[in-house]
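Good morning, colleagues. Please look at the model on the screen while I go through a few of its features.

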Amino acid sequence: MRWQDQLRYKYNMAGVLEKLIAVNVLVFVLQFFLQTLGFLFKIEVNFIFNWFSFPTHIRALLFKPWSIITYAFLHGGLLHLFFNMIILYFSGRLFLTFFSPKRLLNYYFLGAISGALLFALSYNLFPAFSSLGNVPLVGASAAVTAILVGVATQAPHMQVRMMFIGNIKLWWIAAFLVVFDFIQIPFGNAGGHIAHLGGALLGYVYTTQLSKGNDIGAWFQAITDTVVGWFQPAKKKPFKNVYKNTAKTKSKRTAASFTHPVEKQKKIDAILDKISKNGYESLTKAEKDYLFKAGKE
């Protein structure tokens, strides 16, 4: 099996959590691969990064509306990616013990959207940010925080074993991260911390509404199901029997196909023996075609 086929097989067998992490890592590698090429050949490639990051000003969002999703797959550095993926893996595994993989995607993408909207609202509303220029938003932190807070809301008293600390309740971890983001706003990366709070808010509201029987992400699920359906092969229509007079055609086909049934069977047996000894790929194209036609008769 070629390495491409092995990668494709492993990707198809992976769960939604592993696929999310894989996509984030691949985008990160591609992102910095392009930056390296740009540096070596003195080509400006930052426009690619800017084209998919979420803008500070709402007017700029009108020219790249997809950035409200794509920014959640971009990262500013290796440590940024590493910590986001560690938290995603940790919280995602816990999340999947209570919710379905499709709902994990809902939390991830809606958390990203919620974080981006709170980020844009804050930068265009609070006077503290009025003197700042364009500070684009990147990173999966808001989406990851939505998943963590969502599962912590669902099972707040679940015990989680932390290295050097011991067992600790899940809601303590979520509460610590939320409080930490809030108090860190004045000390740098204000936009990132605000986006985290937007993701946390989505995670909390989504889970509390689910406990009341309201799925606030149903609309998004319907959209994603529709988009996925565009790329799936159409289902074959059930075969309908059509009755017509085929006596002449059948007689000709029978004469052509079964004139020498013994010789035909010997040839089929020889082909099957060849497959059992050397595998199907050892057959010539003519032998494959003959076996295919014989199977249809």
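Predicted model: local features only at pLDDT ≥ 70, side-chain atom pairs only at ≥ 80, totals over all residues.

Residues are numbered from 1 along each chain as its sequence is written, and side-chain values use heavy atoms, with hydrogens and water left out.

The largest pocket has a volume of about 520 Å³. A pocket here is an open set of points on a 1 Å grid over the protein atoms alone, where a 1.4 Å probe fits, with protein on both sides within 12 Å along at least five of seven lines; lining residues have an atom within 4 Å of a point. The volume is the space filled by probe spheres set on the points. Of its 16 lining residues, Val-16, Lys-19, Leu-105, Phe-109 and Val-228 lie nearest the centre. Helices H2, H7 (101-123) and H11 (218-230) each supply at least two lining residues; helices are DSSP runs (H or I, at least four residues). The lining divides into ten nonpolar, three polar and three charged residues.

H2 spans residues 16-41 and contains Leu-37. Leu-37 is partly exposed, at 31% relative accessible area, the class between buried (under 20%) and exposed (over 50%), with a 1.4 Å probe and protein chains only.

Finally, Trp-172 lies in helix H9 (residues 170-183) and is partly exposed at 43%. Its C-alpha is 8.1 Å from that of Pro-156, 16 residues away in sequence.

Methods. Nonpolar A, V, L, I, M, F, W, Y, C, P; charged D, E, K, R; others polar.
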